[in-house]
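Please open the structure in your viewer and keep the selection tool at hand.

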Amino acid sequence: MSSRARSLVALTVTTAALTACTAPGTGGSTGGDEADSDRLVLADAYEPELFNPVTGHGETGYSRVYDGLVRLTGGSAGIPELEPSLATELPRGNADATEWTVPLREGVTFSDGTTFDAADVAATYAAVLDPASASPIAGSYAMVDSVEAVDPQTVVFRLAYPYVPFPSKLLLGIAPAEALATPGPAEASPLNTAPIGTGPYVLAERQGDQTVFRANPDHWDGAPEVEELVVVYVPDDNTRAQRMASGEFDGTTLPPLLAETLADDEGLTVVGHPSADWRGVALPAGDPVTGDPAVRLALNAAVDRDAIVESVLGGHGEAASTFVPAVFGEFTDPSAVFTHDPDEARRLLDEAGWVPGPDGVRVRDGQRAEFTVMYFPEDTLRRDLAQAFASDALAVGVEVDLEAVDRPQFRPRIPVDGSLLGGGDVPYDPDTQLYAALHSSFTADGVGGPFDNPSDYRNPTVDAALDRARRSTDQAERVADYREVQRQLVADPPAVVLVFLEHVYVMKDDGWTGTEPVLEPHSHGVSWGPWWNLRDWRRDG
Amino acid sequence: MADRRLRAGVVLLVLLAGYALLVPWLAGVDDRVTDFAAARQGPSWAHLFGTDSAGRDLFVRTAAGLRVSLFIAVVCALLSVLIGALVGALSAAAGGWVDRLTMRVVDGVNAVPHLLLGIVLVALFRGSLVAIIASIALTHWTQVARIVRAEVLSLRDREHVDAALLGGATRWRVVRRHLLPAALPQALVAAVLLLPHAVWHESTLSFLGLGLPPHAASLGTLLQEARSSLLLGGWWTLVFPALGLVLATLAVAAIGAALRDRAALPERAGAQL
Amino acid sequence: MTLTELPAPRVDDAAPAAPRPPRVRWRAAGRLARRRLLFVVPVLVVVSGGVFAVADASPFDPLAGYLGDRYLTASEQAQARIADELGTGRPWWQQYGDWLGGLLTGDLGVSRSFGQPVAQVLAERLPWTLLLTGVSLGLAVLTALLLGTWSAARRGGWVDRVVTSTCLLLQAVPPFVIALGAVALFALGLAWLPVAGLTDAGAELTVGQVARHLVLPAAVLAASQLPWLLLNVRQSLLAALADDAVLAARARGLAESTVVLRHALPTALLPFVTLLGARLPELVVGAVLVEEVFSWPGLAQAVVTSAVELDFPLLAVLTLLTTAAVLLGSLLADVAYVLLDPRVAADG
């Protein structure tokens, strides 16, 4: 059957090539081909967000129109390194990591012609933290106590508590102080649609479903060679795949199985980027079924992670036993894994007193081994993962009732019901990957968000290791602590972590070099993928 | 002509209903068991309609979806008739400004496109069956109200009603004893005419991702899934559920049209639903 | 007086009343229009208020739309603070009052889901929706009149049989299924037309580009409306052809085409005009689905977005706009009816 799909696609491509010949010069410039070749058209599954750092744009370092104080470097297989961007060198912390001094680059101008200095940095962070802005990312910067522009080229961050991974918080884009002068909701800021940044690109226009970026000729790091970038918003996966196949786009993001249908096409390459983006089932500690450590261990043994990676993800992903992916290098403990063993799962359940009932579902003291797992209805991947999990659980006598629940109803039910969750929002340090997911301080009411420690997991050993590691400046010590955490996670699992996703992209081979893999965070789209470092792309030959 | 249409419609509907009710029961397959390794297989003897993206048999799943969709449609149609008949009868019986006001309300509800109202209601109370049913029933009663009101108005002028009124019966009693029973057949025909629209409405909402949860089987969720399977070559995921939807619509529409002709309702009663 | 309460044309009426002079008819039409317009305002106020009230009763938190994925990660204090700043926590009538006040002064508010002023969203998207619906309505009306007249005039012929059964079948297929089928066949299978969008990606906005991309969605939308229109034309024409006046004309030996076009068609057009008004809501519904499947950047698509994200200002304006359009459409149809039909007294 897939051959049929391929012939359809092949047909589409041929005809598209013909149409392209009959309608040349859509770029409308005299140097037709030349102009087209310095331009990329990408299709994104996500609507163009608000181009305002205060509303969260570019928080993890992907903005094209803004520069942060630091930026990511790619190429390595592990956690991306940071390099100075608007800073002239990497920030230095004081001995207890509570005060960070950042020297700034001179002679940088914003796209409106004004000069960048320390006041802009202070203003941007102040706006994020100002309650009047109602910034949705304020919580991620809770450790920042104050930001001071010591002189035009130096800024000092003072933290409320020691925080070693702080440099990753400096990826946030910097907007001019003038644009942030009036306090008020970030939602109403003109920056949302008319950004003013120092980045390698400027927003040229937003029309209908298209967003056009042009290279910033005055960028401090040199103007990018890809002169124009058009991002088209095409929410539907299938439409995007079809239009990609017809040659309309230079690249797009696709679910793995759909991307595979394009893999054999001439001139198209399917690219997978590793991510720390996990999917798993949180098991609330308060529930009589999921709160039983035996049930948690049994479920972890019951799921066939390799089969899920193979059939649900089409091979684009990795089985995950804990929240720490292999790309974290020495931080990862290779022994902290679960193996697929349904018989072991049954044995664990038998031992704990869960005996099979008349309908095959186990019972203990009148309590059926049954619980609910919620997932977001619009996310087909989570739907499939939830279905696969429920099917595997049923095979060992645990009944999982699936429920598609929207975010608002989801929130209050997280401590009560199981939920298919994802994470790995800021994977540049084990701390941001693990702390909020596991630390017991987040079980208290009103601390953090509901997504923090969703299972209400309490493990004093884990708590102690997490706290030590975030304050420690000694790498070996941190490695030991994070390995300890992972050993705890397989002995006393808070969840059934299933997979790390590989984010899959399709790109047209049009003669550019400079693509580098990078570890991607939870959010994705064409801001990431092969195009995350578009600024460094060079024309081949 | 009308009889032949009626017979054809009934036969088709009985076949579809039999398929929808019996197949999932006979197959005895647990809906929760997935086999992703067997996903998206084309039609074969083992799987007449092929398999879906989770490796489930589509012959069984289409039947299950048809069952859910027909059930929702019937409940919605009955609810609409209940609301519509009550409002129409009361409005006609009361007459005067109550009648005029009621008819304005009917106009008002009609002025908002049904799907828009449905989308708003379902989006705001997402994921609940009650919201889906309410959103369909609350937007479709107006036609029934009109038909019943017109029927009651025309009956009111007849002699036995005059006689009853002269005999000292209260208005409401006249409505209940004479007018409503007489208007009931018309209302039921209207219910049948509503059915295809209710089936559509449910499938449309589910298709837009606002109706039933995606792991549940309904014609709308199956078609939504088909959208993503099409490019993977899974034509059968579109064809069979769509066929079920179209055949069900045709069957019910044929029955409705035949009944409408018998009841001598205006043509528009069906067209504007 | 509503369109459905208008008396159906009585084709068995052998001797139509003498046509009234045009001035009287225009005055009657004016009265009808005035009365109906008076009805429009309260409906619009109630409908838009209803949107705010219903949205308020919803368990959905408007913050979720604003925060997106971060809705789950932001702390509760942060949420409360944001709700406070945005004013989403206030009672719905206050929000509605503010919105209504803004509306009267020409300020439509800011759309949260699009991050743009509502007026800008409308300005960017309304033209595309009007283009799509206008073209498809025109296409459907033209086809319905041509084929409907043909199949009625040659009743029982093969054209009639094909057209009628196609229409009956098409009536049973929801617009989104037609759309999916059309994409599978014409865009994927035959690759004659683009799959979706307004222009090829990155191409400039030219008439040629838009025209090519318009063909499929407009044809699908027209096809989803066609059966009702066509069958109506055919039915009314058949009835009119049995009319005494037409029979008389035929008896006088007039050519068949003259009989159909001059005598029967004008009578048959009357119910068609009201049907057009009545089909407007369905056209809007069809537009929502067609824009969704074809990624057409119009307003109908924004309806789903704003409802899902609980974007009060945009949702209310869109509901208001559609309702006004539907009311206006049916009003125009009724006015046309009064102007065209000598027998209708505009008493409603």
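From the N terminus on, the elements of chain B run α-α-α-α-α-α-α-α-α-α. Before selecting anything, please note that this is a predicted model.

**Stop 1: chain B as a whole**

The chain has 273 residues, and 59% of them are buried. Now consider its contacts between residues at least 6 apart in sequence: 71% of these join residues at least 24 apart.

**Stop 2: B:Ala77 in helix H2**

Within chain B, select helix H2, residues 58–94, and find B:Ala77 in it. Is B:Ala77 buried or exposed? Its relative accessible area is 3%, and because the limit for a buried residue is under 20%, B:Ala77 counts as buried. Leaving out residues up to four places away in sequence, B:Ala77 touches B:Ala191, B:Leu194 and B:Leu195. Next, draw a distance from B:Ala77 to B:Ala134, C-alpha to C-alpha. The two residues are 57 places apart in sequence, and in space they are 11 Å apart.

**Stop 3: helix H8 of chain B**

Now colour H8(B) by burial. Since 10 of its 12 residues are buried, the helix is largely enclosed by the rest of the structure. Among the buried residues are B:Leu219, B:Leu222, B:Leu223 and B:Leu230. The buried set also includes B:Glu225 and B:Arg227.

**Stop 4: chain C and C:Gln225**

Select chain C. Its secondary structure comes to 12 helices and two strands. Read from the N terminus, the order is α-α-α-α-β-β-α-α-α-α-α-α-α-α. Of its 348 residues, 55% are buried. For contacts in chain C between residues at least 6 apart in sequence, 74% join residues at least 24 apart. The accessible surface of this chain is about 14300 Å², and 67% of that belongs to carbon and sulfur atoms.

Then zoom in on helix H8 of chain C, residues 207–241, where C:Gln225 is placed. With a relative accessibility of 5%, C:Gln225 counts as buried. Which residues does C:Gln225 contact, leaving aside neighbours within four places in sequence? They are C:Arg279, C:Glu282 and C:Leu283.

**Stop 5: A:Leu86 in chain A**

Turn to chain A and select the loop between strand S3 (81–84) and strand S4 (92–93), which holds A:Leu86. This residue is buried, with a relative accessible area of 0%. Its contacts beyond four places in sequence include A:Leu69, A:Pro103, A:Val108, A:Phe116, A:Ile174 and A:Trp220. A C-alpha to C-alpha distance drawn from A:Leu86 to A:Val202 gives 17 Å, for residues 116 apart in sequence.

**Stop 6: two residues with positive phi**

Most residues other than glycine have a negative phi. The following two residues depart from that pattern. Select A:Asp365, whose phi is near 50°. A:Asp365 lies in the loop between strand S15 (362–364) and strand S16 (367–368) of chain A. Then select A:Asn453, which has a positive phi of about 40°. A:Asn453 belongs to the loop between helix H11 (430–438) and helix H12 (460–471) of chain A.

**Stop 7: the largest cavity**

The structure has eight cavities of 30 Å³ or more, and the largest has a volume of about 220 Å³. To find the largest cavity, select A:Gly61, A:Tyr62, A:Ser63, A:Tyr66 and A:Arg535, which lie nearest its centre among the 20 lining residues. By class, this lining has 10 nonpolar, six polar and four charged residues. Strand S2 of chain A, residues 70–73, gives the largest share of the lining, with three residues.

Technical notes: Residues are numbered from 1 along each chain as its sequence is written. Chains are lettered from A and ligands numbered from 1 in the order in which they are written. This is a predicted model: local features need pLDDT of at least 70, side-chain atom pairs count only at pLDDT 80 or more; totals for chains, interfaces and linings use all residues. Side-chain values use heavy atoms; hydrogens and water are left out. Helices (H or I, at least four residues) and strands (E, at least two) are DSSP runs, numbered from the N terminus. Buried means under 20% relative accessible area, exposed over 50%, partly exposed in between (1.4 Å probe, protein chains only). Contact means heavy atoms within 4.5 Å. On a 1 Å grid over the protein atoms alone, a cavity is a set of points where a 1.4 Å probe fits but cannot get out, and a pocket is an open set with protein on both sides within 12 Å along at least five of seven lines; lining residues have an atom within 4 Å of a point. Grid points are joined across faces, edges and corners, and a volume is the space filled by probe spheres set on the points. Ala, Val, Leu, Ile, Met, Phe, Trp, Tyr, Cys and Pro count as nonpolar, Asp, Glu, Lys and Arg as charged, and the others, Gly among them, as polar. Accessible areas come from the Shrake-Rupley method with a 1.4 Å probe; for residues, only the protein chains shown count as cover.
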